[in-house]
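Biologist: Please take me through this model slowly, and show me how each word you use is tied to a cut-off.

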Amino acid sequence: MSVVPFEVSGPGAGRPVPARCGSRLALPVVLGLLALPLITAAHHSRPAPYGDHVTVHARVADGTAAPGLRTTGRAVEAYDKATGHPRWTYSREGARPLALLPAPGHAIALWSDGLVTDTARADGSGVRWHRAIPGSAPWLRSPAAHGATGVLQPLDPRGRMLAVVTPHRIAAYRSADGDLRWVLPARRGCAFEPARSVRHGAALMVAQPCGDAATPWTSQLIAVDDLGRIVPRRRPLGNELPGGAPADVGTRAEKELAPPR
C-alpha cells in the first residue's frame with residue numbers, strides 16, 4: 001500500500017503533496033519492463049509464414065555434393081545420395097507436395113494448395129520464396145491434373161528460369177528470387193495440357209488442344225523458352241537479376257509485366 005504524504009503546517013495544511021515528475025515517469029517505465037517478456041513470448045509464438053516447417057537433420061560442409069530430393073508423405077526431403085540419410089525435411093501445414101523440380105542450388109516444389117516454393121537445396125537453410133498459382137488448387141485435386149505431371153518445367157539448362165504450366169496459362173519465374181517474368185495465357189477456347197509437353201532442344205513444347213475443330217493444329221502446340229513464346233522477330237527479355245541486364249534490353253513476352261525488381 002502506498003502512502004501519500006500530506007503537509008502538516010502552513011497554508012493549505014492537509015492537502016496532498018503533488019507527486020514528483022520522476023515518480024510520474026517511473027510508472028510507464030516499470031510497466032514497459034514488465035511487458036517485455038510478454039511481447040517476446042508473443043513474437044516467438046507466431047506461426048511460421050505459409051505454415052512452413054523446415055527441419056535440418058545433418059549439417060553439411062561447403063562444397064558437399066548436392067543432395068537428392070524426394071517426397072515422403074507430406075514433406076519434401078533432401079537426402080545424402082551416398083548414405084540415403086536425410087539432410088533436411090520441409091513440410092507445410094494443410095498441404096502436401098505434388099511435384100519436385102531439382103535445379104542447381106534449388107529445390108522447387110508444387111503443393112496441393114497451389115503454392116510453389118523454393119528451398120535452399122544444399123542445406124535447407126531457408127525457403128527462399130513462395131508463389132501462389134491462381135485458381136489451381138481445385139484443378140490439382142482433380143484427375144485431369146494427372147498428379148501434377150509436367151506442371152513444373154525448367155526453361156534453361158541451369159535452372160535459372162522456371163515455367164509453371166496450368167490449363168489457363170504458362171507463367172515463368174526467375175528461380176533466384178521468384179520474380180514473375182512473363183505470362184502466356186491459353187488461346188480462347190483452348191487449354192494447355194502440362195502432361196503433354198516435351199522438350200526439343202532449348203524449347204519446351206506444350207499441347208494446347210482447342211474445342212473448335214476448325215483451329216489448325218499449328219495453333220494447338222505452343223513453343224516457349226526462357227524468353228517467352230517462340231515467335232519470329234521477338235524482342236529479348238532481361239531476365240537477369242537487377243543490375244545484370246543491359247539498360248536497353250526490353251521486357252516483353254506474350255504479356256508485359258513490371259520491369260526487373
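**From values to words**

Biologist: Why is Cys190 called buried?

Modeller: The relative accessible area of Cys190 is 13%, and buried means under 20%, exposed over 50% and partly exposed in between, with a 1.4 Å probe and the protein chains only, so Cys190 counts as buried. Please keep in mind that this is a predicted model, in which local features need pLDDT of at least 70 and side-chain atom pairs count only at pLDDT 80 or more, whereas totals for chains, interfaces and linings use all residues. Residues are numbered from 1 along each chain as its sequence is written, and side-chain values use heavy atoms, with hydrogens and water left out.

Biologist: How do you know that Cys190 and Cys210 form a disulfide?

Modeller: The S to S distance between Cys190 and Cys210 is 1.9 Å, and a pair of cysteine sulfur atoms counts as a disulfide within 2.5 Å, so the two residues are joined by one. The structure holds 1 disulfide, and it links distant parts of the chain, with Cys190 in the loop between strand S12 (179-185) and strand S13 (193-200) and Cys210, 20 residues apart from it, in the loop between strand S14 (203-207) and strand S15 (221-225). Strands here are DSSP runs (E, at least two residues), numbered from the N terminus.

Biologist: What makes this disulfide right-handed, and is Cys210 buried or exposed?

Modeller: The torsion about the S-S bond of Cys190 and Cys210 is about 100 degrees, so the disulfide is called right-handed. Cys210 has a relative accessibility of 16%, so Cys210 counts as buried.

Biologist: Why is the pair Glu77 and Arg70 called a salt bridge?

Modeller: The closest N and O atoms of Glu77 and Arg70 are 2.6 Å apart, and a salt bridge needs a side-chain nitrogen of Lys or Arg within 4 Å of a carboxyl oxygen of Asp or Glu, so this pair qualifies. Glu77 is buried, because its relative accessible area is 10%, while Arg70, at 31%, counts as partly exposed.

Biologist: How do you know that Asp80 and Arg87 form a salt bridge?

Modeller: Their closest N and O atoms are 3.8 Å apart, and that distance falls within the cut-off, so the pair is counted. Here Asp80 is partly exposed at 22% relative accessibility, and Arg87 is buried at 5%. A search of the whole structure finds 10 salt bridges, among them one between Glu193 and Arg196, whose closest N and O atoms are 3.2 Å apart. Arg174, Asp177, Asp179 and Arg181 are linked in a network of salt bridges.

Biologist: What makes S10 and S11 a pair of strands?

Modeller: DSSP must find at least two bridges between two strands before they count as a pair, and 5 bridges join S10 to strand S11 (residues 169-174), so these antiparallel strands pair. A hairpin joins S10 to S11 through 3 residues, and Met161 stands opposite Arg174 in S11. Strand S9 (residues 152-154) also runs antiparallel to S10, with 3 bridges between them, and Leu152 stands opposite Val164 in S10.

Biologist: What makes S13 and S16 edge strands?

Modeller: The open sheet of 4 strands has the order S13-S14-S15-S16, with antiparallel pairing. Both S13 and strand S16 (228-229) are edge strands, as each pairs on one side only. Ala195, which lies in S13, has 36% relative accessibility, so Ala195 counts as partly exposed.

Biologist: Which residues are closest to the centre of the largest pocket?

Modeller: About 180 Å³ of space lies in the largest pocket. Of its 11 lining residues, the closest to the centre are Arg160, Met161, Arg174, Asn239 and Glu240. A pocket is an open set of points on a 1 Å grid over the protein atoms alone where a 1.4 Å probe fits, with protein on both sides within 12 Å along at least five of seven lines, and lining residues have an atom within 4 Å of a point; the volume is the space filled by probe spheres set on the points, which are joined across faces, edges and corners.
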